[in-house]
Each structure stands twice: as C-alpha cells, then as structure tokens.
Amino acid sequence: MKTILLISSLFFATWTDAPKSEKESEVYICVSTTAKRYHYSENCRGLKQCSHTIKKISLSEARNKYKRTLCGYED
Ligand SMILES: [Zn+2]
C-alpha cells in the first residue's frame with residue numbers, strides 16, 4: 001500500500017510538472033517596431049501602453065527572434 005502511494009505521488013509530480021514549465025516559458029509581446037520588451041503577465045501595465053496587437057510567444061522566441069528584454073515592471 002505504501003509503495004503504491006509513493007509511485008502514484010511520484011507519477012503525479014512528474015505529470016503536473018510538464019504544463020507548469022511550459023506556461024513559464026510563454027511571454028507576451030507588443031507587436032510594434034518601437035516595443036523592446038516581453039512580459040510574463042498579460043495584464044502588465046507595460047503592455048497596457050501597447051496600441052498594436054499583443055502576441056503570445058515562447059520566451060526563447062522573444063529573446064532570440066525579437067531581441068526583447070524583460071519588462072521593467074516585472075522581475
Ligand atoms: Zn511587463
């Protein structure tokens with residue numbers, strides 16, 4: 001009984017970890033030529049200034065493809 005519980009909790013931990021790390025790697029950017037930042041929060045006040053389309057992309061894409069740096073309102 002104890003072994004089964006251990007295995008199932010281990011499986012649960014692994015299973016719940018996957019969508020969490022995927023969520024952390026997604027950021028929001030303002031699709032504007034003047035915008036230079038990426039945001040973790042869709043409701044960030046830095047994004048509120050965006051008059052263009054807000055796009056949800058991966059963190060690596062924001063850094064490498066769009067050359068964005070993290071928004072000054074977030075850490
Ligand atoms: Zn921000």
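**Strands and salt bridges**

Guide: Strand E1 is joined to strand E3 (residues 54–58) by five bridges, and the two run antiparallel. Strands (at least two residues) are DSSP runs, numbered from the N terminus, and two strands pair if DSSP finds at least two bridges between them. This is a predicted model: local features need pLDDT of at least 70, side-chain atom pairs count only at pLDDT 80 or more, and totals for chains, interfaces and linings use all residues. Residues are numbered from 1 along each chain as its sequence is written, and side-chain values use heavy atoms, with hydrogens and water left out.

Visitor: What is the bridge partner of Val-27 in E3?
Guide: Ile-57.

Visitor: And how many bridges pair E1 with E2?
Guide: Two, in the antiparallel sense, with E2 covering residues 37–39. Tyr-28 has His-39 as its bridge partner in E2. E1 and E2 form a hairpin, with six residues between them.

Visitor: Why is E1 largely enclosed?
Guide: Because four of its five residues (26–30) are buried, meaning under 20% relative accessible area; exposed is over 50%, and partly exposed is in between (1.4 Å probe, protein chains only).

Visitor: New topic: how many salt bridges?
Guide: Two, where a salt bridge is a side-chain nitrogen of Lys or Arg within 4 Å of a carboxyl oxygen of Asp or Glu. One is between Lys-56 and Glu-26, at 3.4 Å, N to O. Lys-56 lies in E3 and Glu-26 in E1, so the pair ties together parts 30 residues apart in sequence.

Visitor: Which residue forms a salt bridge with Lys-65?
Guide: Glu-61, with the closest N and O atoms 3.5 Å apart. Lys-65 is exposed at 56% relative accessible area, while Glu-61 is partly exposed at 28%.
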